[in-house]
Amino acid sequence: MGKHFDGRLPQRDGAEAMTQQNYDVLLINGQWQQSNSREPLQVISPSTENVIGTVPNGDSKDVESAVAAARRSFDTGPWRKHSIEQRAAILERALDLLEGQIEDVADLVSSEMGLPTSVSRKKTPGAIWAGRYFLETALAEETVDVRKTLWGPAAVIKEPVGVVASIAPWNSPFNMAISKIFPALVTGCSVVYKPSPDTPLDAYIIAKALVGAGLPEGVFNLVTGDADTGRWLVEHPDVDKVSFTGSTGAGRQIAASAGQRFARLQLELGGKSAAIVLDDADPAKTLQGIIAGSFANSGQVCSAYSRILVPSASTSTWTDVVVAAGKSFRVGDPFDPLTTMGPLVSRVQRDRVLGYIQAGLSEGAHLALGGGIPTGLDKGFYVEPTVFTGATNAMRISREEIFGPVVTVMPYDSLDEAIDIANDSDYGLHGAVFTEDPERALYVARSVRSGTFSINSYTHNVQAPFGGVKDSGIGREMAAEGINAYYELKTINLTDATFGALTN
Ligand code: NAD
């Protein structure tokens, strides 16, 4: 029998950080239920390579039960009939419960995916703040738009989209879970959530908090599992919307599947963002922007600046700045308080990143920094901060998402050439310009095709819409736009009497 939660995490145990966490249950219809059949998934610590937990690998019957519970709760349960204030109050209670154990959650994130505790203990509380912000935003967005039209009075109302299949990657497990689950729930949707098989443990803590806060049964369901579990979920005819964050390849399959029945889609996919450094850029701001934008989270960030475009007349000066950004990190044990860069999430991801470094070398690029496994860190999935020069934008390291601490510095001769290189990409998620000239900054910001853009910084802003163009996805998360993505609009053509009833 799996662990049944009392709301607290197991005690930390020295360097291993968390004691073993084995779960053989899924949250379905408000009950912790045994999974049906498949071999459990092992959760591996990326720093010690030890197994730190197991979770069910949800099968098609588990998915069937979870979607059926969500469907029932949406169609006949009380959740969407509650006022938004009632829903927000229950979700606020869940955030309070999570806040009470936030340091342990931060350490769990460090155990699962290797983010240094020096970062996770600062970042994880931000998820609680963001959760409360989403609830406040949803309350402010709960409007009925009553208009007078040539066809008579009309009301445009918002209705929850229905059963949401929400699927996440591993690179920011807790914070991303909050920003996928809370906007969906507060609008009145029912959710089946599937975390990444690499980082499934913290989703149990969120599920427990939601149950403890009094969420009605079936409104939130947790099904852990692999890509097949995700596929069964996406293909289920009773899922009204798929909210997916992950790779572009998986996003393409999901879009094809959802398109068969016009399921609503939100796809937050990969990126290959360019930071354009202009000749008047402030070196200190540029250094900080590249530290945060290119190497933080070991480069496992969808909106990372993985291409740095610099004026050809000063290539070596700016390469030095990028190299200094890479060298500023102390790579090592995530539980050492001095560590600022941990390992990559898994052996598969580490080998993928090392494969890209080999591809860069064999295509003729040069290493200005790193390129291998850091000395003394053979155990764990570590990769050195790595900087390539001498690359072209045609090379695989410039075109494909590496998702590791690897950046390419490329020279340009004119501003328009820099913009062309930035736009010569299948992706369009983020981008940056570093300059002290506001006019050129805004010109570049408007000229780069991307969903978000930062000037003299790397900024991930949850109070503004976030998402991509081109192969980086469809739709927007965060802020009011992200809340409204969980509503369908309904127009009610009114009579004078119903118009009066609505407006008085
Ligand atoms: P992934 O696509 O392999 O997996 C993401 C999730 O989808 C996992 O839970 C996985 O089990 C599931 N999955 C995989 N294939 C599926 C399918 N065909 N149908 C349904 N579910 C499926 O991605 P990953 O390796 O876990 O994460 C890294 C990727 O995520 C990178 O490409 C990164 O850019 C992207 N990402 C995007 C954003 C964003 O907001 N745009 C944020 C973070 C990460």
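# Reading the sheets and burial of a predicted model

User: In which order do the strands of the open sheet of seven strands lie, and what is the pairing?

Analyst: In this predicted model, the open sheet of seven strands has the order β15-β16-β17-β14-β13-β19-β20, and its pairing is mixed. The strands at the edges are β15 (366–369) and β20 (454–455); each has a single partner strand, so one side of each is left without a neighbour in the sheet.

User: In which sense do strands β13 and β14 pair, and over how many bridges?

Analyst: Strand β13 (residues 273–277) and strand β14 (residues 305–311) pair in the parallel sense, over four bridges.

User: What is the order of the open sheet of three strands, and which strands stand at the edges?

Analyst: That sheet has the order β1-β5-β4, again with mixed pairing. Its edges are β1 (21–22) and β4 (41–44); each has a single partner strand, so one side of each has no neighbour in the sheet. Two bridges hold the pairing of β1 with strand β5 (residues 51–55), in the parallel sense. N22 stands opposite T54 in β5.

User: Which strands pair with β7, and over how many bridges?

Analyst: Strand β6 (residues 145–149) pairs with β7 in the antiparallel sense over five bridges. A hairpin joins these two strands through two residues, and R147 stands opposite A154 in β7. Strand β23 (residues 487–493) also runs antiparallel to β7, joined to it by seven bridges. In that pairing, E159 stands opposite E488 in β23.

User: Where is R231 found, and what does its relative accessibility make it count as?

Analyst: R231 is found in helix α7 (residues 227–235). Its relative accessibility is 36%, so R231 counts as partly exposed. The C-alpha atoms of R231 and N22 are separated by 24 Å, the two residues being 209 residues apart along the chain.

User: Which values describe the protein as a whole, and why does its radius of gyration agree with a compact globule?

Analyst: With 504 residues, a compact globule would have a radius of gyration near 23 Å, and the protein has 23 Å, which agrees. Its C-alpha atoms fill a box of roughly 70 × 65 × 40 Å along the principal axes. The secondary structure comes to 16 helices and 23 strands, and 57% of the 504 residues count as buried. Among contacts with a separation of 6 or more, 73% are between residues 24 or more positions apart.

User: What are the accessible surface and the charge arrangement of the protein?

Analyst: The accessible surface comes to about 19,700 Å², of which 52% belongs to carbon and sulfur atoms. There are 43 positive and 58 negative charges, and their mean positions are 3 Å apart.

Terms used. Residues numbered from 1 in each chain as written. Predicted model: local features only at pLDDT ≥ 70, side-chain atom pairs only at ≥ 80, totals over all residues. Heavy atoms only, no water. Rg over C-alpha atoms; globule rule 2.2 N^0.38 Å. Buried < 20%, exposed > 50% of the residue type's maximum accessible area, 1.4 Å probe, protein only. Contact = heavy atoms within 4.5 Å. Areas by Shrake-Rupley, 256 points an atom, 1.4 Å probe, with all protein chains shown as cover. Lys, Arg positive; Asp, Glu negative; His and termini not counted. Charge placed at Lys NZ, Arg CZ, Asp CG, Glu CD. Pairing = 2+ DSSP bridges.
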